[in-house]
Amino acid sequence: MDNKESIRERLKGSPKLKRWLDYLIMNQRDARPRWYVRLLAPLYQHRGRGAKIYSSVRLDCPPYRRFFLGRQSVIESYCCINNAVGDVVIGDHTRIGIHNTIIGPVCIGNHVNLAQGITVTALNHNFEDTTKRIDEQGISTKPVIIGDDVWIGANAVVLPGVTIGRHCVVAAGAVVTKDVPDHSVVGGVPAKILKTLS
């Protein structure tokens, strides 16, 4: 077990300490790391050689989860990247287009192009108990995996638990609710396979 995992396990056994540390690291109202934590981001975030993150990007990335941006990859203006509930790993030569939202745990491969206005989220709010408010019921996560050499069109949504295979195209405006096999073109709401690329 690596050092971070052993720390996480110890914190699970001490809820008071966990709440106190979370308070010190995260601004509870704004749901983002406090300003002094964000100042230390270059020390705990990995940015590969030649990678670029535009200054208007909102990086809600506390140090207790992994943020990894590969070589020559770009996160364009007005994106929001959040790893507070799961790691965000972005491969090499990948472009995250203008105004994307990515909420971990998410793993995006190499040579991936995300167009504008895309949401990739592994997070869901629980809502089954009708005797409680939704904001009292907590959250659940299911990792999202996007394979190498994928193009996702503008305003698409990729929902929790989805795996998109290699060399796939997701049409603009699609809502991806199920896994997408390698070499597929999908589109629609919910997204369906439109074509298989030979």
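This report describes the overall form of a predicted model and then several of its residues.

## Basis

The model is predicted; local features need pLDDT of at least 70, side-chain atom pairs count only at pLDDT 80 or more, and totals for chains, interfaces and linings use all residues. Residues are numbered from 1 along each chain as its sequence is written, and side-chain values use heavy atoms, with hydrogens and water left out.

## Overall form

The chain contains 4 helices and 24 strands. These elements are DSSP runs numbered from the N terminus, with helices being H or I of at least four residues and strands being E of at least two. Along the principal axes, the C-alpha atoms fill a box of roughly 55 × 50 × 35 Å.

Of the 198 residues, 41% are buried. Buried means under 20% relative accessible area, exposed over 50%, and partly exposed in between, with a 1.4 Å probe and protein chains only. The accessible surface comes to about 11400 Å², and carbon and sulfur atoms hold 56% of this surface. Areas come from the Shrake-Rupley method with a 1.4 Å probe; for residues, only the protein chains shown count as cover. Among contacts (heavy atoms within 4.5 Å) with a separation of 6 or more, 19% join residues 24 or more positions apart.

## Cysteines

The whole structure has 0 disulfides, a disulfide being a pair of cysteine sulfur atoms within 2.5 Å. Cys-61 is in none, and its nearest cysteine sulfur, that of Cys-80, is 8.3 Å away. Cys-79 is likewise in no disulfide; its nearest cysteine sulfur also belongs to Cys-80, at 8.7 Å. Cys-61 is buried at 1% relative accessibility, and Cys-79 is buried at 2%.

## Aromatic pair

There is 1 aromatic pair in the structure. Trp-35 and Tyr-36 have ring centres 5.6 Å apart and planes at 80 degrees, so the pair is edge-to-face. Rings of Phe, Tyr and Trp (its six-membered ring) pair if their centres lie within 6.5 Å; planes under 30 degrees apart count as stacked, over 60 as edge-to-face and the rest as tilted. Trp-35 is exposed at 57% relative accessible area, whereas Tyr-36 is partly exposed at 33%.

## Residues in strands

Asn-82 belongs to strand β8 (residues 80-82) and is buried at 14% relative accessibility. Its side chain reaches the backbone nitrogen of Ala-84 at 2.8 Å. Beyond neighbours within four places in sequence, Asn-82 contacts Ala-31, Asp-60, Val-88, Ile-102, Ile-103 and Gly-104.

Arg-95 lies in strand β10 (residues 95-96) and is partly exposed, with a relative accessible area of 35%. Leaving out residues up to four places away in sequence, Arg-95 touches Val-74, Glu-76, Val-112, Asn-113 and Leu-114. Pro-160 is 65 residues from Arg-95 along the chain, and their C-alpha atoms are separated by 21 Å.

Ser-184 is in strand β23 (residues 184-187) and is buried, at 1% relative accessible area. The side chain of Ser-184 reaches the backbone oxygen of Pro-181 at 2.9 Å. Apart from neighbours within four places in sequence, Ser-184 is in contact with His-167, Cys-168, Val-169, Ile-193 and Lys-195.

Note on methods: Polar contact = N/O pair within 3.5 Å; in protein donor to acceptor, adjacent residues only side chain to side chain.
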